[in-house]
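Reader: I have a new structure open and would like to go through it slowly. Could you help me read it?
Author: Gladly; let us look at it together.

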Amino acid sequence: MERHVQAFLNKLSLASVAVATFTLLLLFLRPPPQTCLPPTAAARHRFPRSSCDAAARREFLPLDKKNKRLWSSRAFRGQVLSYRTFFGSIRDLGLLRNDSKVLCVSAGAGHEVMALSESGVADVTGVELIDSPPLVSRADPHNLPFFDGVFDLAFSGHLEEALFPSRFAAEMERTVRVGGACVVVVAECGDAEVEEIVGLFRKSRFLGAANVTLIGLKMTRIVMRVKAAS
């Protein structure tokens, strides 16, 4: 019985060796893959994106050209114009002037920063977790890298998305001078929700709320004035 088993195992081993040898032969005899990259181009190209990427090209679009393409797009310009109209209403409330120092928190790609600059506000700072130079710098909205009371107005359209809303609101308040304003826009809401949001700004006095249309969305604008510490 053991002799039969041994013979079977020997045959199995021979068959495995034969299969492995045949596989190796196929690999060696297989012709090289066809590519669009000529052999002489190897020294001139640094790791092409694909075998057909033999044409000379820049790996990165220069920042100024990238921004020019983005800023001139219809979608970007449409949002900038919408923000310009929105900030016009803040001017009407007497809370924004050309010499105001304005902070835009969670400013995204910088639509609101550009809108303020185009409307004549000279000193506008935009911050976001991911920077978008030159309009928006990198900073944590929950731990803003600014001294107390250095801005006249702080604005955000993304309070609802904050990981810690109370900390987010407190940082907006901290960086705005006494008598300055904190302005936020949130998804359109009622009195109860407005009261809840105002409650996050513990050092400010509620000035008013209004339903607005911003970047094509129905939203609620909430305005508060920072008051002196009691």
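This is a predicted model: local features need pLDDT of at least 70, side-chain atom pairs count only at pLDDT 80 or more; totals for chains, interfaces and linings use all residues.

Reader: OK, and how many helices and strands does the chain have?
Author: There are six helices and seven strands, where helices (H or I, at least four residues) and strands (E, at least two) are DSSP runs numbered from the N terminus. From that end on, the elements run α-α-α-β-α-β-β-β-α-β-α-β-β.

Reader: What percentage of the residues is buried?
Author: Of the 230 residues in the chain, 33% are buried, meaning under 20% relative accessible area, with exposed over 50% and partly exposed in between (1.4 Å probe, protein chains only).

Reader: Which residues touch the most other members in the largest nonpolar core?
Author: That core has 28 residues, and those touching the most other members are Phe-86, Phe-87, Ile-90, Leu-116, Leu-153 and Phe-155; a nonpolar core is a set of buried Ala, Val, Leu, Ile, Met, Phe, Trp, Tyr and Cys residues joined through side-chain atoms within 4.5 Å. Helix 3 gives the largest share of this core, six residues.

Reader: And what does Phe-87 touch?
Author: Leaving out residues up to four places away in sequence, Phe-87 touches Leu-96, Glu-112, Leu-116 and Phe-155, where contact means heavy atoms within 4.5 Å.

Reader: Glu-112 is charged, so I'm curious: is Glu-112 buried or exposed?
Author: Glu-112, which is found in helix 4 (residues 111-118), is buried yet has no salt bridge, and the nearest side chain of opposite charge, Arg-77, is 12 Å away. A salt bridge is a side-chain nitrogen of Lys or Arg within 4 Å of a carboxyl oxygen of Asp or Glu; Lys and Arg count as positive, Asp and Glu as negative, and His and the chain ends are not counted.

Reader: Switching topic, how many bridges join strand 6 to strand 7?
Author: Strand 6 (residues 204-214) and strand 7 (residues 217-226) run antiparallel and are joined by 10 bridges; two strands pair if DSSP finds at least two bridges between them.

Note on methods
Residues are numbered from 1 along each chain as its sequence is written. Side-chain values use heavy atoms; hydrogens and water are left out.
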